[in-house]
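I opened the file to look up a handful of residues, a helix pair and a core. My entries follow in the order in which I went through them.

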Amino acid sequence: MPTCGEMLVKLLENYAVDTVFGIPGVHTIELYRGLPETNIRHVTPRHEQGAGFMADGYARVTGKPGVCLIITGPGMTNIATAMAQALADSIPMLVISSVNDTHQLSLGEGRLHELPNQQQTIAGVSIWSHTLLRASELPQILARAFTVFSSERPGPVHIEIPLDIITSNADHLDLAPYPLAGPPAPDPASINAAAGILRQASRPLIAIGGGAKNATKALIALAEQTNAPVVNTVNAKGVIPYSHPLAVGGSGSQDAIRDEFSNADVVLAVGTEFSETDYDFFYHGALKVGGKLIRVDIDPRQLTRNIRPDLPINSDAALALSALTVALSQSEAPHDGRGITRAKALRSALTSNQDANYQAVFATIREALPEVIIAGDSTQATYYAWLNYETEQPRRYFHSASGYGTLGYAIPAAIGASLGNTDVPVIGLIGDGAAQFTLAELACAAEIKTGVIFLLWNN
């Protein structure tokens, strides 16, 4: 009799899941029973927080959800920090856990791993958390989770399955994956309005965040069409190659870029939340936009946070930028070079005060490994990289310092990144204090024979 747990891993494989992270235990063993019958690779960390950070690193370099199988109670509270980091940085993660039998939930009888309400505990670090109460609903609930990843602002999704449901009969389940919805496209009227504003701009600026990761081609086309410099957050490094003459790099927290926001007559902000860690890390006060602000975001709620837009556009970044390029295609593009001149001046201002010692470290990394993925922690070297290290491609640099700001992230995240992209060398850059949080995961790296370089920084 195939059980719900056995059908679960088959369904995951049908949704193109190729790797899961987790630590088998007495309350998850039935989730693992069907795993050998699939082609899914299992990675065993030394701590559930490590599993979450590995899934995070895997997701950042692949764009696919990182998947974890986690035990009840302490397993879930252990992974909660990693889920919070993924939530802050909009990283797709699917956490599937066990929970006590349905007739035991919320009784407080002192069962093994019992929480008063596990689902409610984890809901605060999830986009969506659900308790599966019937095996027959498994295909629909998994489809709902993967629809979040395909069509919304991503983040962690949690599905918990009671022990008696995991072992229940599931021979009647349809294992065909649901067709998944795509992301929202922009309203044509909003695109026309935005094009009208951009046509009148003499000093436009484009600001991109992690929500623009998949929009490189459309972004470059629009930047060149409008002759607008492009500034980026940490999660958008490389979306426009740093070698492009309109790329500025840096950070929205630096004075030169904050001044440019004040001086621009139109700012087009795409997939960025205008968060404190990206735009006010030095506590200089709220960012001021001097001209009109057009905001594009896949999450409609984000369009009302931090800075009020003159024109909000609820849309996937690539779809909105492509539509704007088409709408502006009949306009005469400004070829006077002012945008490139502004971008060059900004880059000069940002690089004039670089620390020579840190600069030498990252120059050495570039020389030795021109193509490299860096997973950073909260450490002095990543604070420097935050402001001064740029890439030619997206998904090549990320860290935990912005967003939730966890410690111990880089070691497991680098392991996950190496499993997600085996063609590019990976560096885990971590401080000597933060390394002590997850040092045990070096055993996992050795066990799976990953080629990660762990760079320990003496803070």
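Before placing any residue, I note that helices are DSSP runs of H or I with at least four residues, that strands are runs of E with at least two, and that both are numbered from the N terminus. I also note that this is a predicted model.

**Entry 1: Leu-419 and its helix**

I looked up Leu-419 and found it in helix α16. Is Leu-419 buried or exposed? The cut-off for buried is under 20% relative accessible area. Leu-419 has 13% relative accessibility, so I count it as buried. Setting aside residues up to four places away in sequence, I listed Phe-21, Arg-41, Val-43, Tyr-58 and Ile-448 as the residues that Leu-419 touches.

I then checked the rest of the helix. α16 runs over residues 410–420 and is mostly covered, with 10 of its 11 residues buried. Among the buried ones I noted Ala-410, Ile-411, Pro-412 and Gly-416, along with Leu-419 itself.

**Entry 2: the largest nonpolar core**

Which members of the largest nonpolar core touch the most other members? The core has 42 residues, and I found Phe-21, Cys-68, Ile-79, Met-83, Val-95 and Phe-398 in that position. Several elements supply at least two residues each to this core, including α3 (48–62), β3 (66–70), α4 (74–88), β4 (93–99) and α16. β12 (373–376), β14 (426–431) and α18 (441–447) also each supply at least two. As background, nonpolar side chains tend to be buried together in soluble globular proteins.

Ala-413 and Ala-417 are both on the list of buried residues in α16.

I looked up Ala-86 and found it in helix α4. Its relative accessibility is 0%, so Ala-86 counts as buried. I took the C-alpha separation of Ala-86 and Phe-53 as 8.4 Å, for a pair 33 residues apart along the chain. Beyond four places in sequence, Ala-86 is in contact with Asp-56, Ile-91, Met-93, Gly-155 and Pro-156.

Ser-90 comes in the loop between α4 and β4. I count Ser-90 as buried because its relative accessible area is 19%. The phi of Ser-90 is near 60 degrees, a positive value in a residue other than glycine. Most residues other than glycine have a negative phi.

**Entry 3: Tyr-283**

I recorded another positive phi at Tyr-283, near 55 degrees. Where is Tyr-283 found? Tyr-283 is in the loop between α11 (276–279) and β10 (292–297). With 61% relative accessibility, Tyr-283 counts as exposed.

**Entry 4: Leu-293**

I placed Leu-293 in strand β10. Leu-293 counts as buried, at 1% relative accessibility. Its contacts outside four places in sequence are Val-267, Ala-269, Phe-274, Ile-307, Arg-308, Pro-309, Asp-310 and Leu-311. I also took two C-alpha distances. Leu-293 and Leu-419 are 40 Å apart in space and 126 residues apart in sequence. Leu-293 and Arg-134 are separated by 48 Å, at 159 residues apart along the chain.

**Entry 5: Ser-151**

I found Ser-151 in helix α6 (residues 138–151). Ser-151 counts as buried, at 13% relative accessibility. What does the side chain of Ser-151 reach? I found the backbone oxygen of Thr-147, at 2.6 Å. Apart from neighbours within four places in sequence, Ser-151 is in contact with Ala-181, Gly-182, Pro-183, Pro-184 and Ile-298.

**Entry 6: His-244**

I located His-244 in the loop between β8 (230–232) and α10 (255–263). With 13% relative accessibility, His-244 counts as buried. Its contacts, leaving aside neighbours within four places in sequence, are Ile-220, Glu-224 and Arg-347. His-244 and Glu-392 are 148 residues apart in sequence and 8.9 Å apart in space, C-alpha to C-alpha.

**Entry 7: α14 against α15**

At what angle do α14 and α15 pack? I read about 85 degrees for α14 (residues 356–368) and α15 (residues 380–388), with axes 10 Å apart. That angle makes α14 roughly perpendicular to α15. In this contact, Tyr-358, Gln-359 and Phe-362 of α14 meet Gln-380, Ala-381, Tyr-384 and Ala-385 of α15. I sorted the contact residues into 5 nonpolar, 2 polar and no charged.

Note on methods:
Residues are numbered from 1 along each chain as its sequence is written. This is a predicted model: local features need pLDDT of at least 70, side-chain atom pairs count only at pLDDT 80 or more; totals for chains, interfaces and linings use all residues. Side-chain values use heavy atoms; hydrogens and water are left out. Buried means under 20% relative accessible area, exposed over 50%, partly exposed in between (1.4 Å probe, protein chains only). A polar contact is a pair of N or O atoms within 3.5 Å; within protein, one must be able to donate a hydrogen and the other to accept it, and residues adjacent in sequence count only if both atoms are side-chain atoms. Contact means heavy atoms within 4.5 Å. Axes are lines fitted to C-alpha atoms, for helices over the stretch in contact, and angles run from 0 to 180 degrees between N-to-C directions. Angles under 35 degrees count as roughly parallel, over 145 as roughly antiparallel, 65 to 115 as roughly perpendicular and the rest as oblique. Ala, Val, Leu, Ile, Met, Phe, Trp, Tyr, Cys and Pro count as nonpolar, Asp, Glu, Lys and Arg as charged, and the others, Gly among them, as polar. A nonpolar core is a set of buried Ala, Val, Leu, Ile, Met, Phe, Trp, Tyr and Cys residues joined through side-chain atoms within 4.5 Å.
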